[in-house]
Structures are given as structure tokens and as C-alpha cells.
Amino acid sequence: MAILGGCLTVTALSHANDFYTHPDYLSFKQKTMQTYGLSNEQIDQAMNGTQNLPNIINIMNRPGESKPWYEYKSNFLSESTIQKGVNFKRLYADTLNRAEQQFGVPQSIILGILGVETGFGSNKGSFRTRDALATLAFGYPRRAAYFSDELGALIAWSTKEGYPTESILGSYAGAIGYPQFMPSNISKFGVDYDGNEHIDLRNSAIDAIGSIANYLAQQGWQRNQPIGFLARYTGRDPQSIIASDLTQPTPYGALKSQGISPLNPIVKIDDLDMVNVIQLQESYGPVYYLTYPNFQVITTYNKSRMYATAVWQLGTEIADR
């Protein structure tokens, strides 16, 4: 037993925090203190009770299932999710309209992200965020630096807002609330849209709506510009036109000459429009889309092209109901 009160406190914390003796814990604390101006005691207190969750490492190491689009989309483009979205749209119509006007992001895309991420708040995640991030920061070397920074951001945000760090729940990878923001993105892009002087993405759908719109606007969303169009391809070498990097679009005229065009003949695209071609797999074969830079902005939320398409199509269906 330690004699000095300070030593006794450290001893108690060391027993309550599974990572207290980890060789990287001290450097994590030092960086977090320097970055956010927190004290040693504040960090130790926030980490008090942290548990290692080995099942999270197992999830991260599990090979990702490569589903084709026609199977992937069924997870999100279901009638039950669409109906949840219609109800959500009705309930928050004023906020969605305000966000669209202020940030230039269509409410259909805001709705699509909320639907794909958490089913409009019905599944925000049940992992203790602090424990999930600590497990990954100290037990997942491939991305340890990233998750260590997110753990520091979580402690700083929760301390600033007055939320007990251990009370915050989210996904196995540390994403939080209706929009599944990582902790650092709450500070960067979160908006107090309900005006209560707190950014609460866990309980405030209004804050979530404003924060998603702000995030996409800051990622470069182009107001009143298209997302994309279903396309027809008549060439013989699709790999020659499918975009490898969505941040490097091509003038439509150059792609048109290779056999790609809008499926709907009413749609007219200027030859100088900068677009990409993506391919997805339907049950009957490949389908093609001509996508604009706004599609690429959706992929900054999640790099998957199927994710971005699901957001786009789900949101459009809800908005049209």
C-alpha cells in the first residue's frame, strides 16, 4: 500500500485501467496534454475503468466480405428503412430545410447518411467508445496512431462538454451518435444546431442534421450541382473507363467517345463537365453511373462507392415519397 495520497491515487487508477502499464500509455498522455491542454489527472480520470475488449481486434482482423451491389443495397434500401426516413423527414422538416439552405447540401443526402449509418438513430452502437478506442490504440498496431489520436479527441471533447467519458457509446471503431462521427470530427465539423450550447450528436437529431451538412459542405459539396446519372456503356473494355481515383475526374467528352452516355436520353451532359464512371454489379450484370464531384464528396464519409450509392439512392427515395 502506498503511503502518499498521490501514490495511492495512481495505484488505484493503475488497477482500474487495463492500459495504465502499457508502454505507449505515457506518450499517449503527453501528446494529449500538449494537444488539448488537459492535465495528467484529467486524462487518468477519464481513462479510469477502461477495459480491453479483445473481440474488437477480432472484428478488425476479420476479412471484409466483398458483397456485390445487389446484395449490399438490400441492407439499406428496404421498405422499413425508407418508412423510418419518411417519418424522420416529416418530424424534422424545418431543420432539414434550414440545413439545405444554409449549407447547400440536399436534404436527401443528409437523410441518406442518417439512414445508412444508424437507421435514423435506431442503431447508434453499444460499445463503450473509450474502451473501443483504447483497445485499438494500444492493441492494433496497424492503425494505432490514428486510434490513439481519436482517443485523445474523445477525452478532450467529453471533458469540454461535461460528459462522463465512460458514458459515451458508439460503434466498435469509435464512431458516435446519429451520424457516426469519429471524436475528432465532432470538434472539427460538429454544429450546435439546436442552440443549447452543446454539440450532442448522440441525442440531438437536430445537431446531427446540421453537422452532416456542415461536414459535406466543408468537404467541397457543390450547391445545386448533380450527383450522377445512370449510364449506358457500349464499349468492350469497361476497365478503360472506370475511375480508379474519384478525385481525378475526366471531361465527359473524352469518356463519351469511348462509349459511355446517360441511360436517360433526356439527360444532357456538357462535354466539358468533369465526371467519373463507376461500375456496380446488379443481379443481371454490371450497371454504370456517370458521377460528378458531389458523389466523391459522399465517399469522404466512407470511401466505398457502394456506400455512397446507397446514401444517394436511399435519400432520393425518401425525399420523393
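Visitor: What volume does the largest pocket have?
Guide: Please keep in mind that what we are looking at is a predicted model. For the largest pocket in this model, the computed volume is about 1,800 Å³.

Visitor: Which residues lie nearest the centre of the largest pocket?
Guide: The lining of this pocket is made up of 37 residues, and by class these are 18 nonpolar, 11 polar and eight charged. Helices H4, H8, H10 and H15 each supply at least two residues of that lining. Nearest the centre of the pocket lie Glu117, Tyr172, Ala173, Asn302 and Tyr307.

Visitor: At what angle do the axes of H8 and H15 cross?
Guide: H8 covers residues 107–118 and H15 covers residues 305–320, and H8 passes H15 in a right-handed crossing. The residues making the contact include Glu117 of H8 and Tyr307 of H15, and by class the contact has 11 nonpolar, five polar and one charged residues. The two axes come within 7 Å of each other and cross at roughly 115°.

Visitor: With which residue does aspartate 44 form a salt bridge?
Guide: Side chains of opposite charge can pair when their charged atoms come close. The structure holds eight salt bridges, and in the one formed by aspartate 44 the closest N and O atoms are 3.1 Å apart. This pair links helix H3, where aspartate 44 sits, with helix H2, the two residues being 15 residues apart. The partner of aspartate 44 is lysine 29.

Conventions
Residues are numbered from 1 along each chain as its sequence is written. This is a predicted model: local features need pLDDT of at least 70, side-chain atom pairs count only at pLDDT 80 or more; totals for chains, interfaces and linings use all residues. Side-chain values use heavy atoms; hydrogens and water are left out. On a 1 Å grid over the protein atoms alone, a cavity is a set of points where a 1.4 Å probe fits but cannot get out, and a pocket is an open set with protein on both sides within 12 Å along at least five of seven lines; lining residues have an atom within 4 Å of a point. Grid points are joined across faces, edges and corners, and a volume is the space filled by probe spheres set on the points. Helices (H or I, at least four residues) and strands (E, at least two) are DSSP runs, numbered from the N terminus. Ala, Val, Leu, Ile, Met, Phe, Trp, Tyr, Cys and Pro count as nonpolar, Asp, Glu, Lys and Arg as charged, and the others, Gly among them, as polar. Axes are lines fitted to C-alpha atoms, for helices over the stretch in contact, and angles run from 0 to 180 degrees between N-to-C directions. A crossing is left-handed if the near helix is turned anticlockwise from the far one by less than a right angle, and right-handed if clockwise. Contact means heavy atoms within 4.5 Å. A salt bridge is a side-chain nitrogen of Lys or Arg within 4 Å of a carboxyl oxygen of Asp or Glu.
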